[in-house]
Amino acid sequence: MGRGLVTLCLRAGVVGGILALALTGCSSAEPDEPLVRSATVQATPHPSVTASPPVMSSPVTPSATPEDTPSSAAPEDPELDHGSPNSIHVLVNKQNPLDPADYAPEDLSVPDVPSSRPGAELRDEAAGAAEDLFSAAVQDGVDLTLLSAYRSYGYQQGTYAGWVETYGQAKADRISARPGFSEHQTGLAMDVGAADGACALEQCFGETAEGAWVAEHAAEHGWIVRYPDGAEDITGYSPEPWHLRYVGTEADVVASGGVLETAWGFAPAPGY
């Protein structure tokens, strides 16, 4: 009887101890550092540059910024308008025609410069810049003459048709713009030459004193040689050292050799 009573008491003590342990959480860890959380932290691998990013249940779509927006055929610039025919920064080439095709400027005027075509017109701002250019040339002992300026849609139709009849369309497209695709129609382009007529509208104009002066100083007055030598695969036209385009004093255009497609971020336009 005595031994049985002792055994019973020992069993009761063990049960009581187990019950007490259960009531205290069965752990010696501090209450704010549960054992389960510690195990989870230890099992978390170190991030790796090759690891896949975590999947978010509700992905956040960031708002687009100019840097994130893919480039398009017509780059957007808050300061330069390349699409409107009324803008002095409009881009006109074989892939970017005027819209409307028969556009006609409303601010044409006749610049006060020597001209082989009396009454040749340019847009007001370009006309003033042409006068500045010619005046600067005179001061340097260079005599220029204005050979061509604004051409209407109808006029360009006749000009282009004449070249097609003479040379065929393939060659005509290298030396003349189709109607609706001509910079002359913007009122922002002019053809210049030497006062004595040397190399008029010929590539050898670039080798004359007048052509060399124009190439060096045109940009100082907001003009560029629009179709420079070596850029035919971009512009789509043979070199024309006499063809000037008014763009204002745009340093980025000058830095890219006067090739507007390159300066303004457009794709080359070698063909229609």
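Biologist: Hello! Let me start with the cysteines. How many disulfides does the structure hold?

Modeller: Welcome! In general, a disulfide is a covalent bond between the sulfur atoms of two cysteines. This predicted model holds one disulfide. C199 and C204 form it, with their sulfur atoms 2.1 Å apart.

Biologist: Is that disulfide left-handed or right-handed, and why?

Modeller: The torsion about the S-S bond of C199 and C204 is about -120 degrees, so the disulfide is left-handed.

Biologist: Let me try a serine. Where does S87 lie, and is it buried or exposed?

Modeller: Look in the loop between α2 (35-43) and β1 (108-109) for S87. Its relative accessible area is 12%, so S87 is buried. If you set aside the neighbours within four places in sequence, S87 is in contact with D81, R123 and L188.

Biologist: Now the strands. Why is β3 described as largely enclosed by the rest of the structure?

Modeller: A general idea for strands comes first: in a regular strand the side chains alternate between the two faces of the sheet. As for strand β3 (residues 144-148), five of its five residues are buried, so the rest of the structure largely encloses it.

Biologist: In which sense do β3 and β4 pair?

Modeller: β3 and strand β4 (residues 189-194) pair in the antiparallel sense, over four bridges.

Biologist: Which residues have the most contacts inside the largest nonpolar core?

Modeller: That core has 32 residues, and those with the most contacts inside it are L122, M190, W213, V214, W223 and L244. At least two residues of this core come from each of α3 (124-139), β3, β4, α6 (209-217), β5 (223-227) and β6 (240-246). The most is given by α3, with eight residues.

Biologist: What is V214 in contact with, leaving aside its neighbours within four places in sequence?

Modeller: With those neighbours left aside, V214 is in contact with L144, V192, V225 and L244.

Notes:
Residues are numbered from 1 along each chain as its sequence is written. This is a predicted model: local features need pLDDT of at least 70, side-chain atom pairs count only at pLDDT 80 or more; totals for chains, interfaces and linings use all residues. Side-chain values use heavy atoms; hydrogens and water are left out. A disulfide is a pair of cysteine sulfur atoms within 2.5 Å. Buried means under 20% relative accessible area, exposed over 50%, partly exposed in between (1.4 Å probe, protein chains only). Contact means heavy atoms within 4.5 Å. Two strands pair if DSSP finds at least two bridges between them. A nonpolar core is a set of buried Ala, Val, Leu, Ile, Met, Phe, Trp, Tyr and Cys residues joined through side-chain atoms within 4.5 Å.
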